[in-house]
Amino acid sequence: MLVLGIDPGSNVTGYGLVQSSRGRLVHVGSGIIRTKASEPVALRLKTIYLGLIDVFAEFKPEQVAIEAIFHHKSSESAIRLGQARGVALLAASQSGFEPFEYNPSTVKSSVGAHGRADKDAVARIVRLLLGIPLDVPTDQTDALAIAITHCAFSRTASLRSQGSPS
C-alpha cells in the first residue's frame, strides 16, 4: 500500500510517501510546497492546491492521510492552517480520495514519540524508521509520520477484520 501523508501549512506544506508491505515501511518520496508570505492568500492557496495535484499525478498513492485540526494559541494561525487543510482536502477529493485524518498526538505516539514531543524529536524517529538523511526538513518528516500512522492504523484494522489477534 502506498500512502501519501500531508502536513498542511500556509507557508510550507509537507508531503511524504510511504510504501507499506508485509509490515515493512519504505520511504518512496517526500517534499515541500512552499508559498511566498508576500503573496495574497488566494494565490498561496492556489500554489498549495496545484502542488498537491502534481504530487497525486506523479506518485499515484493508494491512500491519503492528513493532519487533523488541533488547537492553536492564535486564532489567526488556526484560520491559516484551516485554509491550507481545506485546499489539501479539496485536492485529495478531486483526485479521488477521502483522506484519513489523524491528530498530532496520535501521529506522535504511533511513531514512538510521546504526545508532547516537538518536531525535532518526531523527525529523528521518522529518519531512523525510514533510514532517510538527517537533512530532510521537519515539514517532510511530519508528513511521513502521518503516512506511517496511517500504515499502522490500517494494518491494525485489516488484522481485526480478518479475525487475527491484534
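## Briefing on a predicted single-chain model

Val 87 is buried, because its relative accessible area is 13%, where buried means under 20% relative accessible area, exposed over 50% and partly exposed in between (1.4 Å probe, protein chains only). The structure is a predicted model, in which local features need pLDDT of at least 70 and side-chain atom pairs count only at pLDDT 80 or more, whereas totals for chains, interfaces and linings use all residues. Residues are numbered from 1 along each chain as its sequence is written, and side-chain values use heavy atoms, with hydrogens and water left out.

**Overall architecture**

- The chain contains 5 helices and 5 strands; helices (H or I, at least four residues) and strands (E, at least two) are DSSP runs, numbered from the N terminus.
- Along the sequence, these elements follow the pattern β-β-β-α-β-α-β-α-α-α.
- The radius of gyration of the chain is 15 Å, which agrees with the value near 15 Å for a compact globule of 166 residues; the radius is taken over C-alpha atoms, and the globule rule is 2.2 Å times the number of residues to the power 0.38.
- Taken along the principal axes, the C-alpha atoms fill a box of roughly 50 × 35 × 30 Å.
- Among contacts (heavy atoms within 4.5 Å) between residues at least 6 apart in sequence, 58% join residues at least 24 apart.

**Surface and charge**

- Of the 166 residues of the chain, 44% count as buried.
- The accessible surface comes to about 8,900 Å², of which 53% belongs to carbon and sulfur atoms; the areas come from the Shrake-Rupley method with a 1.4 Å probe, and for residues only the protein chains shown count as cover.
- The mean positions of the 17 positive and 14 negative charges are 4 Å apart. Lys and Arg count as positive and Asp and Glu as negative, while His and the chain ends are not counted; each charge is placed at NZ of Lys, CZ of Arg, CG of Asp or CD of Glu.

**Nonpolar cores**

- The largest nonpolar core has 20 residues, and those with the most contacts inside it are Val 18, Val 122, Val 126 and Leu 130. Such a core is a set of buried Ala, Val, Leu, Ile, Met, Phe, Trp, Tyr and Cys residues joined through side-chain atoms within 4.5 Å.
- The elements that give two or more residues to this core are α4 (119-130) and α5, and α5 supplies the largest share, 6 residues.
- A second, separate core of 19 residues includes Leu 2, Ile 6, Val 87 and Ala 92.
- Leaving out residues up to four places away in sequence, Leu 130 touches Val 18, Leu 25, Val 26, His 27, Leu 144 and Ile 148.

**Val 87 and Asp 142**

- Val 87 lies in helix α2 (residues 75-94) and touches Leu 45, Ile 48 and Tyr 49, not counting residues up to four places away in sequence.
- Asp 142, in helix α5 (residues 138-161), counts as buried at 12% relative accessibility.
- Apart from neighbours within four places in sequence, Asp 142 is in contact with Asp 7, Lys 119 and Val 122.
- Asp 142 and Thr 13 are 129 residues apart along the chain, with their C-alpha atoms separated by 10.0 Å.

**Backbone points in loops**

- Most residues other than glycine have a negative phi.
- Arg 22, in the loop between β2 (12-21) and β3 (24-34), has a positive phi near 55° and counts as exposed at 85% relative accessibility.
- Lys 60, in the loop between α1 (41-59) and β4 (63-67), has a positive phi near 50° and counts as exposed at 61% relative accessibility.
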